[in-house]
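My entries follow the viewer.

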Amino acid sequence: MATRKKAKDKTKVKRGKIPVTKAITRRKTATARKRPAKKALVRRASPKKTMPTANAAIKPRPAKPPVQPVAAIPTPSLPAQPAPPGERIGAVTHYYSHLSVATLRLKSGTLRVGDVIHIRGHTTDFSQRVESLEVHHAPATEVGPNDDFGLKVVGHVREHDIVYKVRL
């Protein structure tokens, strides 16, 4: 058998691994250069005022009005609050915006279907006639003190708004 000459094997050269520190570090760009230190500010003396000469005329100053005593100066007062529209009967405890229903807690008095109420708060101020009342998901015609009940409202109300019963 004839032996075949093997061609010289080109041995594959394995690449050497790059050390991790060299692979991660980069050259610093021009923006990362250190800035030169700021120069210290130089304080200069203010220019000296010249003394009036004998030739310059001294102008007389006008007389100042007398100072008023502190008690005589009027102090600004808070704007007058409008009178409540009726008897305060309760406050809003919660508002369900998707139903336009407010839950109220009656503190005093009674409330019936057909009464006119006024709701006033930080951003609320409107009147409406009571059309429906519900106590524990059951329709009611009248509610008394310390009752929690639901009421359909015509406007947006917030917790802690005050509810007044309007006298007609």
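Before starting I noted the accessibility classes: buried means under 20% relative accessible area, exposed over 50%, and partly exposed in between, with a 1.4 Å probe and protein chains only.

I noted that this is a predicted model, where local features need pLDDT of at least 70, side-chain atom pairs count only at pLDDT 80 or more, and totals for chains, interfaces and linings use all residues. Residues are numbered from 1 along each chain as its sequence is written, and side-chain values use heavy atoms, with hydrogens and water left out.

Entry on aspartate 115. I found aspartate 115 in the loop between β3 (111-112) and β4; strands here are DSSP runs (E, at least two residues), numbered from the N terminus. Aspartate 115 counts as buried because its relative accessibility is 18%. I listed its contacts (heavy atoms within 4.5 Å). Not counting residues up to four places away in sequence, aspartate 115 touches Thr110, Gln128, Arg129, Val130 and Lys165.

Entry on the sheet. I read the strand order of an open sheet of 8 strands as β5-β4-β10-β1-β2-β9-β6-β7, with antiparallel pairing; two strands pair if DSSP finds at least two bridges between them. β5 (125-129) and β7 (138-140) stand at the edges with a single partner strand each, so one side of each has no neighbour in the sheet. I looked up β4 (residues 116-120) and found that it pairs with β5 over 5 bridges. Valine 116 has arginine 129 in β5 as its bridge partner.

Entry on glutamate 87. I placed glutamate 87 in strand β1 (residues 86-96). Its relative accessibility is 32%, so glutamate 87 counts as partly exposed.

Methods:
Helix = DSSP H or I, 4+ residues; strand = E, 2+ residues; numbered from the N terminus.
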